[in-house]
Amino acid sequence: MDTCPTCSCSFSDCNFNSIPYPAKGWQHNQGIPDTIRFCSQCGTGIAHPTISDMATDELYVQGKYWQQSTTKLPLKIFPVPFGLAQARWELIQKSLPDFQNKREIKLLDIGAGHGYIGLIASFGHNSVLSEYHAIEPDPTMRQYMRDMWIKKGRKQKLNVIPSMDQVTGYYDVVVLSHILEHLQDPSSLINSAIALLSSQQGLLFIDVPNQDHLFKNNVFPHIVFFSPSSLKYLLKQEQLEIIHLETWGRNMYKSPANANTPLKMKLMGEMIRLSYRFLPSKFLVQFYAWYFGGNQMNTEGTWIRALCRNKES
Ligand SMILES: [Zn+2]
């Protein structure tokens, strides 16, 4: 990629800094990028050479991304993604517009994974979820979402599809959680997502890692590296009104998601991991929410979350 995906500045024309691409455990002949280049104009980091579409398809469609060893996931709640989805939905919910007569929310989740945000929204008190549309390329995850929806007795409409091409209609909320960092051209997906918002008040929610090259020893398969300021730059380019843009989670340098986790945290995590199957899932959800700080804002947090909508014209 020779131009910056955020500001379109050409890497052959501008100066850029680069660092080695952290990919512990991977061989560089496996299609792993060599470096991350940082745009001198907007600060966005871009993997170079980029990861081919073929390599990413293989990861996301063939189940390698979620690292399943079977074609069926156990029908239980996975506490880490569940707690993170709770924190995300809580943030979105606060900014949901008052639809007056229209109280029903249609939610589109692009790259839905376990589909927990839809499940949590379906139990919501302040809003009524009417439809949850989940796009997920991995067939095992799609089956898991369908089974979980039935297991939890959800009556709302669930539509699980493998790709964006099958999306029809408009949505009150569009979620892009941990998607943009995997794309060569994040702005084109943001544009497609904006086009699917049902009204001026429709919300676009974004969650990306906060400069994870600074604290992880393996960032594969991430292609784009955002900081709060470069994400803001991108959203402003798209003419969006930013309602919220903050960093969340434990301090990135001390987070358990980090290579240099303090020993005390490591031990605590290990203790819970060992007694995992004896602990109730409600406790585990709460423990991991605290452990990763998923529901706390923090100036040097692990993740950047943004909520935006179309500017009033
Ligand atoms: Zn740039």
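Q: Where does Ser 10 lie relative to β1?
A: This is a predicted model. In it, Ser 10 belongs to the segment before β1.

Q: Is Ser 10 buried or exposed?
A: The idea is to count neighbouring C-beta atoms within 10 Å, with 12 or fewer marking an exposed residue. Ser 10 has 10 other C-beta atoms within 10 Å, and is therefore exposed.

Q: Which residues does Ser 10 touch, not counting those up to four places away in sequence?
A: Ser 10 touches Asp 2 and Thr 3. A separation between C-alpha atoms can also be read: that of Ser 10 and that of Gln 41 are separated by 9.9 Å, the two residues being 31 residues apart along the chain.

Q: What is the order of strands in the open sheet of four strands?
A: The order is β1-β2-β3-β9, and the pairing is antiparallel. β1 (16–20) and β9 (224–225) stand at the edges with a single partner strand each, so one side of each lacks a neighbour in the sheet.

Q: How many bridges join β1 to β2?
A: Five bridges join β1 to β2 (residues 35–39), and the two strands run antiparallel. Within this pair, Ile 19 stands opposite Ile 36 in β2.

Q: Why is strand β7 described as largely enclosed by the rest of the structure?
A: The general idea concerns the two faces: in a regular strand the side chains alternate between the two faces of the sheet. In β7 (residues 173–177), five of the five residues are buried, so the strand is largely enclosed by the rest of the structure. Both faces are covered, with Val 173, Val 175 and Ser 177 buried on one side and Val 174 and Leu 176 buried on the other.

Q: Which strands are joined to β7 by bridges?
A: Among them are β4 and β8. Three bridges join β4 (residues 104–110) to β7 in parallel, and Leu 108 stands opposite Val 174 in β7. Five bridges join β7 to β8 (residues 203–209), again in parallel, with Phe 205 in β8 as the bridge partner of Val 175. Together with helix α5 (residues 186–195), β7 and β8 make a right-handed β-α-β unit.

Q: Which residues touch the most other members of the largest nonpolar core?
A: This core has 70 residues, of which Leu 107, Val 173, Val 174, Val 175, Leu 176 and Phe 205 touch the most other members. Helix α2 (residues 79–94) gives the most to the core, with seven residues.

Q: With which residues is Leu 176 in contact, leaving aside its neighbours within four places in sequence?
A: Leu 176 is in contact with Ile 110, Leu 189, Ala 193, Phe 205 and Ile 206.

Key. Residues are numbered from 1 along each chain as its sequence is written. This is a predicted model: local features need pLDDT of at least 70, side-chain atom pairs count only at pLDDT 80 or more; totals for chains, interfaces and linings use all residues. Two strands pair if DSSP finds at least two bridges between them. A residue is buried if 20 or more other C-beta atoms lie within 10 Å of its own, exposed if 12 or fewer, and partly exposed in between; C-beta atoms are placed from the backbone. A crossover is right-handed if, with the strands pointing away from the viewer, the path from the first strand over the helix to the second runs clockwise. A nonpolar core is a set of buried Ala, Val, Leu, Ile, Met, Phe, Trp, Tyr and Cys residues joined through C-beta atoms within 7 Å. Two residues are in contact if their C-beta atoms, placed from the backbone, lie within 7 Å.
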